[in-house]
Protein chains: 4
Amino acid sequence: MSFNTFGRLFRFTTWGESHGPALGAVVDGCPPGIPLAEADIQPWLDKRRPGTSRFTTQRREPDQVRILSGVFEGRTTGTPISLMIENVDQRSKDYSDVAKAYRPGHADYAYDAKYGFRDYRGGGRSSARETAARVAAGAVARAVIPRVRIRAWVEAIGGDAIDYAAFDDAQIDANPFFCPDAAAAQRWETIVDAARKAGSSVGAVVACEATGVPAGWGAPLYAKLDSELAAACMSINAVKGIEIGDGFAAAALTGEQNADPMRPGADGPHFLANHAGGIAGGIATGQPIRLRCAFKPTSSILTPVETIDRDGAAAEIATKGRHDPCVGIRGVPVVEAMVALVLADQALLHRGQCG
Amino acid sequence: MSFNTFGRLFRFTTWGESHGPALGAVVDGCPPGIPLAEADIQPWLDKRRPGTSRFTTQRREPDQVRILSGVFEGRTTGTPISLMIENVDQRSKDYSDVAKAYRPGHADYAYDAKYGFRDYRGGGRSSARETAARVAAGAVARAVIPRVRIRAWVEAIGGDAIDYAAFDDAQIDANPFFCPDAAAAQRWETIVDAARKAGSSVGAVVACEATGVPAGWGAPLYAKLDSELAAACMSINAVKGIEIGDGFAAAALTGEQNADPMRPGADGPHFLANHAGGIAGGIATGQPIRLRCAFKPTSSILTPVETIDRDGAAAEIATKGRHDPCVGIRGVPVVEAMVALVLADQALLHRGQCG
Amino acid sequence: MSFNTFGRLFRFTTWGESHGPALGAVVDGCPPGIPLAEADIQPWLDKRRPGTSRFTTQRREPDQVRILSGVFEGRTTGTPISLMIENVDQRSKDYSDVAKAYRPGHADYAYDAKYGFRDYRGGGRSSARETAARVAAGAVARAVIPRVRIRAWVEAIGGDAIDYAAFDDAQIDANPFFCPDAAAAQRWETIVDAARKAGSSVGAVVACEATGVPAGWGAPLYAKLDSELAAACMSINAVKGIEIGDGFAAAALTGEQNADPMRPGADGPHFLANHAGGIAGGIATGQPIRLRCAFKPTSSILTPVETIDRDGAAAEIATKGRHDPCVGIRGVPVVEAMVALVLADQALLHRGQCG
Amino acid sequence: MSFNTFGRLFRFTTWGESHGPALGAVVDGCPPGIPLAEADIQPWLDKRRPGTSRFTTQRREPDQVRILSGVFEGRTTGTPISLMIENVDQRSKDYSDVAKAYRPGHADYAYDAKYGFRDYRGGGRSSARETAARVAAGAVARAVIPRVRIRAWVEAIGGDAIDYAAFDDAQIDANPFFCPDAAAAQRWETIVDAARKAGSSVGAVVACEATGVPAGWGAPLYAKLDSELAAACMSINAVKGIEIGDGFAAAALTGEQNADPMRPGADGPHFLANHAGGIAGGIATGQPIRLRCAFKPTSSILTPVETIDRDGAAAEIATKGRHDPCVGIRGVPVVEAMVALVLADQALLHRGQCG
């Protein structure tokens, strides 16, 4: 509803800037009695943490989360859960370049157009550091729906895609790219290294699957599960495309090709295909929910780009500093978090309306 | 916020089923003093109206809109605008097939899983007839932002895409496909006719452009313009994918390729490219806003498909009745309406926060 | 959330003006499978209907409700329920007085200040006719929480209060004042008749009790049951005060006097008093919920009052036409409806968060 | 919208428990460019701070606020403003009494009924300490509407009311009761001292006036200014009644007595009375907005009261610890804050819809 709040019954509000003292999330509407400790949240933050390989930004942030409210004797109380992460590695560099001129592809110009000025240090509120707060909130969401398993991975980097025949779940956490295909991970080393060394960047596609979502979650019409997931993922920095199930590929199919026939199954229908990505009419069918997100390449590049300054005069800007050569990689835990947050909300909404 | 309401300040709520007596929309939060008459709304409904060519469903609905409130002496009063469209061509056919067995790809099974039962006549609430209410509401939204021009077209049908070199705006309303490329329109006749005659269906891609959106509309983070547009379009029946600007193509680019450099312009920056689709950091940059929606093929096909019935037993179903062989075509005015509704809302939100 | 929508999970949106063709409510978020027919709604509208005695306005409106959506085979489907009531007795009188000058106590001046102009016919949107839509929606809410009994009555008219020692539930529907004290009803005849004949009006206090509300409904902090009920009742035309439990009287008590001691009971605690009106910390305690609403006297009076016209010049205005000499009387079913709508919403919210 | 969030465009979300490490508010939707520093917020917190006289709780909390985000170079950026106040005087006392048995009048039983358990230390989330977060947020709201002056005072304590003929604005901050009548303040010393020494408590009435609110703020119907203010004030701990303008007194008047006649004025109408409390039809008329809140006596008293324990068995409880003998006194800055928060929100909403 509000600009920095997401969700309906299970909601979270994030705050904080890249170079402020801290950032955080307030999670509201959480059911009571759910076991929750900082140790349940930290592993997900660690997955997103910068500086863990040479393929991500070298900013060193421990991203240590603190629970400031809403948990008593190890369980959620049903009142707001305040989560805080302190910023410790805000490098006191010279921001005069960024303060004066607009970095193309970044939010600089748009923020100035909207607000009249902006916190230019590290991108301020528009920095992807905000996603740490989402990941922390997402960990709470996971605890609300423990039977749902949410798993994301990188499917392509710089146009080079994995081979799904070689998909190996165990690989995802075994390489610095969240890549389920060992051979692709190998190739991506070269691609991302090249981008990094050239001060350039590359885009990526992140795929996500949620299993264990019961048929019935979701809702027509403006809270369709597809719609909620699209809004959630499209709110992630650098995401410019989202597909549910076959997505754009479905637009090239016939009705026969796109059908997901059903047979009697042990526990509800047995589906013979999943073109719909587990959602029909906005409501979960019980099949795995599948989606893909397109991450554009990081806009921060060393190559000078034509731009204008705050006074409208011609300028050139090259973005120095510490950046992810492929922002999609660290997008994996963020996509997972957003999917968890949507599903926890839908779980409560469904229970509220339908018992 | 609610399941059948969309928007924050400029909001609309829709109601009605495919075979009920009527359907409608209540538009709330509209600024006062805006000239509005039924004649301002009807043309957009006429664009979406079924039965205008052999390429759409043959259901005959005049889709005549009535304004029941919120307008006085030809101008909006600032109070809710109730719009109603009567259903006149609900054919009294035998629905026993659909009542008993689930049509794959349709919302039938999911609705039953959620609600325990469903209005099966013509798809009930999940029918695309609901989009008439959106189009009516969208016409009000257009009146709120008269300087914004919103234009959608079909970009591909069944995998066959237009040639953007042959783009001709005048063509869009000159053929039954909202196709800006005359040659493609010719080819699509064959494609859609074939699908129609075979009782099959084909998917489509709809593109949309909004010009005249001032830099500054939109907002970080969970009301990003990308996110709002994605939610809006993904809520349309049959849409399974959405791209802003280059979308998935951007995921294959480098930072240099994806940059939208700026030069001093007469009125704000002059951008040398628009990979971002007119939105940076969730906020409009003043460039044209560009997006694409993937429509899956209509799930209603004559070929019998394996399915289960309400008792879980094996069944087969073929969807007789009147259907669009390519639901994406009539999606064009619906996408336009949803984009208008998002932008009118963002216009008010921006004015509210930033003056 | 929005200006013409009330509720969170169980929501309704109203539309319509006093002299438009119709008015209505769209009820969203209703649980599926609830038996509902027009005949379940009509009796509540009949209770509120004008023209049933000489103590209410003589406008003759049948207030016949139609269900346009959301009900199938006699049960709610979980999709929006559109309720419509046609206006039939809009008298084509001369409104030039009201169009030009502002009636003190009415919304005339404020609407013009806000919107720049207004639908002056019968008060337009600010007319108490809108409350018919609430009463219709309230009937749906009652069906959602069938075990809750909601009962309102008039407690005082023109400062003359009932004697609670003489409280007789059966009396409430036996006189034209919803008065539980037969002797008071007798006295009120004189009071209201006098006001009516003098072209004057009198204020009233309406009390309401809801029994059967389980302990646990409600929520801290900004959805406190007290807060929700206050917002709901204060949104009713002419209401200017609201008390929960002892209300203002509690402000004169000591902690000992105001305590509601508990003893072990058959089914939860047995309370020895109910100063809190059944709500502690914003959450229902299982005791009867009790509140009181102050209705100001109808602002429409025959005595000419000093005012200004649209151009700011001095004027005098006397409100001719058909009006309630005591608007609080017909407020009884409206208060009941608003309480029902709040409680149905809280029932779903509680189930959503706490199972 | 959500349980711990208040407001529509200008919103705040609070978090924190009485004995947790900290509490705070996230203010979202604030206009950009507004000068704001911790020093602008601290004075309001100091007004609410406990332990400043013997008439309030002796808990010693410095209530030092920190701004963690949303302000850059001394001005608001338009992004969320995170405000945090650390708890420093959580006395490590023995809570076994409160953990086991329910204090009548407190939220103890209701919380357990709702959530299954509760943070019993100092009342947890239901403690009035939460109002510190509101006061901090309210200070931001004041900065958004600098031309509006909001002033509250205590009007009555334990049934002993001030004499409005003796009203002296300068007195309000000159005594420990926020009492505008020096003689009443004198009497209240005796009343509150007696209650304090007896381990008892007394109720109070707080009045509030907002001047400088332009005609036009507010909105029909479910966002009526009366309704928003009622919801806001009724959400404050211990408030059980709210009146706008004459409130319940208006229910005893005739239409003539209750009219607020208008004459041409220098700047809009000159009103001859203000029975309506500055609001007509839910919209501000430009007159001072006037409301009154009833605070019940603090439920924490030394006299043992009959109750039940968590197992439903009979028990007795006396609330030791540090408590306000008259919680209404420190309610003064809280009422002011809530009124400021409502008005700032309405200011933005009005600008959003009406320009």
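**Rings and interfaces in a predicted model**

Start with the rings. Over all chains, the count comes to 52 aromatic pairs. One of them joins Y102(A) and Y109(A). This is a predicted model, so every value here is computed from it. A pair of aromatic rings is described by the distance of the centres and the angle of the planes.

The cut-off for buried is under 20%.

Rings also link up across chains. F6(A), F12(A) and Y222(B) form a cluster through ring pairs.

Now turn to the interface of chain B and chain A. Here 103 residues of chain B are in contact with 103 residues of chain A. The two chains bury about 7,900 Å² between them, and 64% of that lies on carbon and sulfur atoms. Which residues of chain B lose the most area to chain A? They are F3(B), Y222(B) and K240(B), together 12% of what that side buries. Y222(B) is also part of the ring cluster with F6(A) and F12(A).

Charges meet here too. The interface of chain B and chain A has four salt bridges. K240(A) forms a salt bridge with D226(B), and their closest N and O atoms are 2.9 Å apart. On the side of chain B that touches chain A, α3(B) gives the most, with six residues. By class, that side divides into 57 nonpolar, 31 polar and 15 charged residues.

Next comes the contact between chain B and chain C. It takes 39 residues from each of chain B and chain C. They bury about 3,300 Å², 68% of it on carbon and sulfur atoms. W15(B), F72(B) and F117(B) supply 21% of the area that chain B buries here, more than any other three residues. How many salt bridges are there between chain B and chain C? The count is zero. Eight residue pairs are in polar contact. β2(B) provides the largest share of chain B's side, five residues. That side has 15 nonpolar, 14 polar and ten charged residues.

Finish with a helix in chain C. Helix α6 covers residues 225-234. Ten of its ten residues are buried, so the helix is largely enclosed by the rest of the structure. Among them are L225(C), C233(C) and M234(C).

How values were computed
Residues numbered from 1 in each chain as written. Chains lettered and ligands numbered in written order. Predicted model: local features only at pLDDT ≥ 70, side-chain atom pairs only at ≥ 80, totals over all residues. Heavy atoms only, no water. Contact = heavy atoms within 4.5 Å. Buried area = accessible area lost by both parts, 1.4 Å probe. Salt bridge = Lys/Arg side-chain N within 4 Å of Asp/Glu carboxyl O. Polar contact = N/O pair within 3.5 Å; in protein donor to acceptor, adjacent residues only side chain to side chain. Helix = DSSP H or I, 4+ residues; strand = E, 2+ residues; numbered from the N terminus. Nonpolar A, V, L, I, M, F, W, Y, C, P; charged D, E, K, R; others polar. Buried < 20%, exposed > 50% of the residue type's maximum accessible area, 1.4 Å probe, protein only. Phe/Tyr/Trp six-rings, centres within 6.5 Å; stacked < 30°, edge-to-face > 60°.
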